[in-house]
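Morning, everyone. I have one chain to show you today, and I will go through its fold piece by piece. Please look at the picture while I talk.

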Amino acid sequence: MSGTLADPLLPVALQELKLLENGKEWQIDQTLSELVSLTPVRGKLRAMHRGNVLELEGVASTIVTLCCDRCLQHFNHPLSFRTREVLWLGEQARHDGIAPETVLEGNLEVLELDADALCESLDPSSDFDPEHWVFEQLNLQLPVVNRCGEGCPGPNLSAAGSLQEPVIDPRWAALKNLES
Ligand SMILES: [Zn+2]
């Protein structure tokens, strides 16, 4: 493997993945249709079909441009993730309430995962969309509050000057007149 060639993140049929004993691996180096980023998303992803579940393991990073909520200036923000996730294939297992250990038949490696992570499922006859998965992982890393950094100049006071005029209570204004 050269390691320099990128594999386009194209959907792959789960039935096809099932036939790959060692799963499928993508070297990621591209922009995503659902995410505007300053640099291409780089990393890698591995998908492994394990009968009743699809095991996903990925790492990727990129830089996005965000708008600061305080000073309204744009700034660059690095985004990255390292995720391991297991998706159910089919609804059956969930509805029957079968515990993951029953389904995975002693796959101890997978059992270390939090059971809460096993909440999503895929139709076994559908495709796995690696691009959308990578997008979702990056999207989860976006900050709730956008702050450009320590040196944020804060709200632009001169632009909002009229709003910053102190409102003087008329009673205090009267006192002020007595003083002079
Ligand atoms: Zn700012």
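I will start with the overall layout, then take the sheet, the core and one glycine.

Two notes on the numbers before that. This is a predicted model, where local features need pLDDT of at least 70, side-chain atom pairs count only at pLDDT 80 or more, and totals for chains, interfaces and linings use all residues. Residues are numbered from 1 along each chain as its sequence is written.

The chain has seven helices and seven strands. Helices here are DSSP runs of H or I with at least four residues, strands are runs of E with at least two, and both are numbered from the N terminus. Reading from the N terminus, the order is β-α-β-β-β-β-α-α-α-β-β-α-α-α.

Now the sheet. Five strands make an open sheet in the order β2-β3-β4-β5-β6, and the pairing is mixed. Two strands count as paired if DSSP finds at least two bridges between them. At the edges are β2, residues 24-30, and β6, residues 121-122, each pairing on one side only.

Let us walk across it. β2 and β3 run antiparallel and are joined by seven bridges; W26 has L45 in β3 as its bridge partner. Next, β3 (residues 41-49) and β4 (residues 53-67) are also antiparallel, with eight bridges. Along that pair, G43 stands opposite A60, and M48 stands opposite E55. The hairpin of β3 and β4 has three residues between the strands, and G51 there takes a positive phi near 80°.

Finally, β5 and β6 pair in the parallel sense over two bridges, with L89 opposite L122 in β6.

What lies across the sheet strands β2, β3, β4 and β5? Helix α5, residues 130-140, does, running at about 60° to β4. That angle is taken between N-to-C directions on a scale from 0 to 180 degrees, using axes fitted to C-alpha atoms, for helices over the stretch in contact. Contact means that two C-beta atoms, placed from the backbone, lie within 7 Å.

On to the core. The largest nonpolar core has 17 residues, and I28, L45, L54 and V134 have the most contacts inside it. Such a core is a set of buried Ala, Val, Leu, Ile, Met, Phe, Trp, Tyr and Cys residues joined through C-beta atoms within 7 Å. Buried means 20 or more other C-beta atoms within 10 Å of the residue's own, exposed means 12 or fewer, and partly exposed is in between, again with C-beta atoms placed from the backbone. β2, β3, β4, β5 and α5 each supply at least two residues of this core, and the largest share, four residues, comes from β4. Leaving out residues up to four places away in sequence, I28 touches several residues, including L45, A60 and V134.

Last, the glycine. G23 is in the loop between α1 (14-18) and β2. Is G23 exposed or partly exposed? It counts as partly exposed because it has 15 C-beta neighbours inside 10 Å. G23 and A47 are 24 residues apart along the chain, yet their C-alpha atoms are separated by 5.5 Å.

For the chain as a whole, buried residues make up 14% of the 180 residues. That is all I have.
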